[in-house]
Amino acid sequence: MLTGAGVSAESGVPTFRGGGRTAVWKGMPFEVISSAGMVRSNLPEVWEWFDYRRGVLSTCRPNPAHETIARWQDRFDSFTLATQNIDGLHAAAGSREVLELHGNAWRARCLKCGGREELREKPSDVRPPVCVACGGQMRPDVVLFGEMLPERVWISAAERAARCDLCFVVGTSAIVYPAAGLPYAAAEAGAFLVEINPEPTPLSEACDATLRGAAGEILPLLDEEGA
Ligand code: OAD
């Protein structure tokens, strides 16, 4: 199962694309404000943007799509969930061992020693936060444009895709690589590919089934039917 922003849309988390919109903050496209270059040139502004996003996330709760996905981890002998989302809503719904390809907005990482800390446990008035281990400046522990994915997480996702029989691709525009390459790797391994998305994507043509609609409606229906 690969998920993207669309799986959290019904929880009130804004998507980046879709419906003809793209995300912009303070007049900057998110590719600019969410970039490796901004961490170097203006770390306080990156924090302001992620504090704003966490403010939005703090009001959001898992929806029936997250809940169905959490149930499926016990329904299949072997089940892997990889997400591009940084909102933590899969874990909040009860999913275990979520492969967070793009990190987590609720975590900070030290620029100096690489140490990680939960932001819920750090005072919110110190920006950038200071690392308790070494006193270094911290950044959001998320993958920004121009950065590599966390290596161990990526390797696990790629390995599981290569051994996959059935691959659900839910709520992603399927254009941001390398994550968007995972379903193709699964298909290459012989997996049956199912896309759940109200809109077509560049992946749609490669899919064996495309279910057009909202994840929070379609996934619970599949669950009911025992499909
Ligand atoms: P996007 O915002 O690009 O795409 C969201 C997708 O969800 C679109 O294809 C919508 O049609 C679909 N969608 C909207 N509502 C839905 C619903 N209720 N149910 C199912 N699908 C729905 O989000 P991602 O593909 O996740 O990366 O974006 C990938 C990456 O681009 C993000 O992780 C982020 C961004 O740059 C980084 O920040 C590194």
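Leaving aside residues up to four places away in sequence, Phe50 touches Ser34, Ile86, Pro140, Val142 and Leu144. The model here is a predicted one. Phe50 also turns up, with Ile33 and Trp49, among the residues that have the most contacts inside the largest nonpolar core, a set of 25 residues. Helix H2 (30–33), helix H3 (36–41), helix H4 (43–57), strand S6 (103–110) and strand S8 (138–142) each give two or more residues to this core.

Now to H7. Its buried residues are Val153, Ser156, Ala157 and Ala161. These sit on the same side of H7, because the arc they cover around the axis is only 130°. Glu151 and Arg152, on the other side of H7, are exposed. As for packing partners, the buried residues of H7 pack against strand S4 (82–83), strand S5 (99–100) and H8.

That leaves the second largest pocket, which holds about 510 Å³ of space. It is lined by 20 residues, and the closest to its centre are Met1, Ser78, Thr80, Cys164 and Leu166. Helix H7 (151–161), strand S9 (166–170) and helix H8 (182–188) are the elements that give two or more residues to the lining. By residue type, the lining of this pocket splits into 14 nonpolar, 2 polar and 4 charged.

Note on methods. Residues numbered from 1 in each chain as written. Predicted model: local features only at pLDDT ≥ 70, side-chain atom pairs only at ≥ 80, totals over all residues. Heavy atoms only, no water. 1 Å grid on protein atoms, 1.4 Å probe; cavity = no way out; pocket = protein on both sides within 12 Å on 5 of 7 lines; lining within 4 Å. Points joined across faces, edges and corners; volume = space filled by probe spheres on them. Helix = DSSP H or I, 4+ residues; strand = E, 2+ residues; numbered from the N terminus. Nonpolar A, V, L, I, M, F, W, Y, C, P; charged D, E, K, R; others polar. Buried < 20%, exposed > 50% of the residue type's maximum accessible area, 1.4 Å probe, protein only. Arc of directions from axis to C-beta. Contact = heavy atoms within 4.5 Å. Core = buried A, V, L, I, M, F, W, Y, C linked by side-chain atoms within 4.5 Å.
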